Amino acid sequence: MSLPSSPAMPGQSLINGTHDGPVGMDRDVDVLVVGAGPTGSTAAKYAALGGADVLLIEKRSEIGTPVRCGEGVAKRWLEEIGLDPSNGFICHEVDGARVIAPDGTTLVLDETRAGNECGYVLERDLFDRHLAKDAAKAGADILIKTSAVGLRREDGAVVGARGEHMGETFDVRARVVIGADGFESQVGRWAELQTHLRTRDIDACLQYTMVGIGGDARLNDVYLGSCAPGGYAWVFWKAPDVANVGIGVNLSKIHDRAEAKRYLDALIARTPALAKGEIVEEVAGAVSVSLPLERTVAGGVMLAGDAARLIDPLTGGGILNGCLSGKFAGEVAALAVETKDASESALRAYETRWRARMEEELARHYLIKERLIRVDDDTINKVIRTIASVGMERVTTQSVLEAIRTRHPEILALFDGLL
Ligand SMILES: Cc1cc2nc3c(=O)[nH]c(=O)nc-3n(C[C@H](O)[C@H](O)[C@H](O)COP(=O)(O)OP(=O)(O)OC[C@H]3O[C@@H](n4cnc5c(N)ncnc54)[C@H](O)[C@@H]3O)c2cc1C
């Protein structure tokens, strides 16, 4: 991102009134939301529904594109954030997933075995735009092609941000700033929240849109093992012969991000149903596979979604937690406006809410991910074969570990502490 020709650099305070941009775009709002991904639009919607005057800014020229996402989500997320699946952003419903071990053993996790973890493949561009439209309907103003380039502070507390639109800078005064600016969040760094990630807590991702491929589009495919070191590869279907074919590889397992491409290309080459297809799009990105940030609030500012490291460290899925945390942040921001208290202690209500809802699961999945990073192909084969052969009615962490305890006690130590 280019910086404004300003006396202050990102990370430093921008003092009220020192802007060098045109005063014409300066704004005074209750809540400024930075980033119109799923998290930011949901935050803007709920802050506006709570009665706040909201501005949502997005640096891209079009909300929702380019799509850098496998587009797979569990069903449960819809209800929780009050979204109706008939809204035109669902590509199709899937019956479950096929988990493929390195030796080719396949485990089908359908609705009876995986419950509401089964889900949908989204049209992510339409989904993001739907959420932005919802935010606008609730009363939020939206500015695209507009980047936050620094925070404004008074007496140590955040009181807004500096924006840049088409090369012009302006100041937004806001009682609360919500940083929903994704994996590379700058708002977090500017607010001096500890956002640093260890190499082993990042997965490098690469995804192709492939056409002319074969398979059973009712089930999404997940490939485990050394084909995707420390992560997994996926085939999430968009049509009977079109799919998002991607890979996430743990950064600690590779020398450079380009290696993710070599792994994905190798998997495609040795999978006949994929090898016959053509690549029509390629996107790269990264996801955090870490624990959430220790602090997601400071005076006048909250971080939500990927910016707060709320991606599920086991699946790399972040849409649900983004929307949920956005909802909580929006509601708490509206309350802060109403009570005229955006101090860190008032905003902690946000942190309490997201921790109560998702922290336990994120911590458990983080532990599992830490173990899986160390597991070799032979062990993965044993685990998948065990689950596939035991015929358990419901596949849960608990039931899997019980089955392993019975069939392969020699590898149980790997999962120590997870029960
Ligand atoms: C290859 C890949 C595949 C994935 N597949 C899945 C999947 O199948 N299912 C799933 O649930 N999750 C998946 N994820 C993760 C998912 O995409 C994210 O968790 C989700 O997008 C998080 O939403 P968000 O709103 O927090 O962040 P984002 O969607 O990243 O949105 C942040 C927004 O902020 C904007 N922005 C950034 N900085 C600024 C700034 N300074 N000023 C203004 N705007 C700014 C960005 O342009 C962006 O629009 C995948 C990720 C990758 C990389």
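Reader: In S11, which residue is the bridge partner of Glu164, and how should I read such a pairing in general?

Author: As a general idea, the strands of a sheet pair through backbone hydrogen bonds, and the pairing is either parallel or antiparallel. In this predicted model, the bridge partner of Glu164 in S11 is Thr169. This bridge belongs to the pairing of strand S10 (residues 157-165) with S11, which runs in the antiparallel sense over six bridges. S10 and S11 form a hairpin with two residues between the strands, and in that hairpin Met166 takes a positive phi near 50°.

Reader: Returning to S11, how many of its residues are buried, and to which strands is S11 joined in the parallel sense?

Author: Strand S11 (residues 168-179) is mostly covered, with 10 of its 12 residues buried. Strand S1 (residues 27-34) runs parallel to S11 and is joined to it by seven bridges; within S11, Ile178 is the bridge partner of Val33. Strand S18 (residues 301-303) is also parallel to S11, through three bridges, and there Leu303 is the bridge partner of Gly179. When you follow a strand of this kind by eye, keep in mind that in a regular strand the side chains alternate between the two faces of the sheet.

Reader: What is the order of the open sheet of seven strands, and what is its pairing?

Author: The order is S6-S5-S13-S14-S15-S12-S16, and the pairing is mixed. Strand S6 (106-110) and S16 stand at the edges, and each has a single partner strand, so one side of each is left without a neighbour in the sheet. From one strand to the next, the twist averages 20°. Inside this order, strand S5 (residues 96-100) and strand S13 (residues 219-223) run parallel and are joined by five bridges, with Arg98 standing opposite Asp221 in S13.

Reader: Where is the place of Gly277, and is Gly277 buried or exposed?

Author: Gly277 lies in the loop between helix H7 (272-275) and S16. Gly277 is buried because 21 other C-beta atoms lie within 10 Å, and the cut-off for that reading is 20 or more. Leaving aside its neighbours within four places in sequence, Gly277 is in contact with Met210, Val211, Gly212 and Ile213. By contrast, Ile247, which is 30 residues apart from Gly277 along the chain, has its C-alpha atom separated from that of Gly277 by 17 Å.

Reader: How many residues surround the ligand, and which are the closest?

Author: The ligand is surrounded by 37 residues, the closest being Gly35, Gly37, Gly182, Gly305 and Gly318. Among the elements that give two or more residues to this shell are helix H1 (38-49), strand S9 (146-154), strand S12 (202-211) and strand S16 (278-288), and H1 gives the most, with three residues. By class, the shell has 13 nonpolar, 17 polar and seven charged residues.

Reader: From which domains does the shell around the ligand draw at least three residues each?

Author: The shell draws at least three residues from each of domain 1 (23-65 + 127-197 + 291-363) and domain 2 (93-118 + 202-288). The domain assignment also gives a domain 3 (375-415). The centres of domain 1 and domain 2, taken over C-alpha atoms, are separated by 31 Å, and their contact takes seven residues from domain 1 and six residues from domain 2. On the side of domain 1 that touches domain 2 there are three nonpolar, two polar and two charged residues.

How values were computed: Residues are numbered from 1 along each chain as its sequence is written. This is a predicted model: local features need pLDDT of at least 70, side-chain atom pairs count only at pLDDT 80 or more; totals for chains, interfaces and linings use all residues. Domain bounds come from an automatic or database domain assignment. Two residues are in contact if their C-beta atoms, placed from the backbone, lie within 7 Å. Ala, Val, Leu, Ile, Met, Phe, Trp, Tyr, Cys and Pro count as nonpolar, Asp, Glu, Lys and Arg as charged, and the others, Gly among them, as polar. A residue is near a molecule or strand if its C-beta atom, placed from the backbone, lies within 6 Å of it. Helices (H or I, at least four residues) and strands (E, at least two) are DSSP runs, numbered from the N terminus. Two strands pair if DSSP finds at least two bridges between them. Axes are lines fitted to C-alpha atoms, for helices over the stretch in contact, and angles run from 0 to 180 degrees between N-to-C directions.
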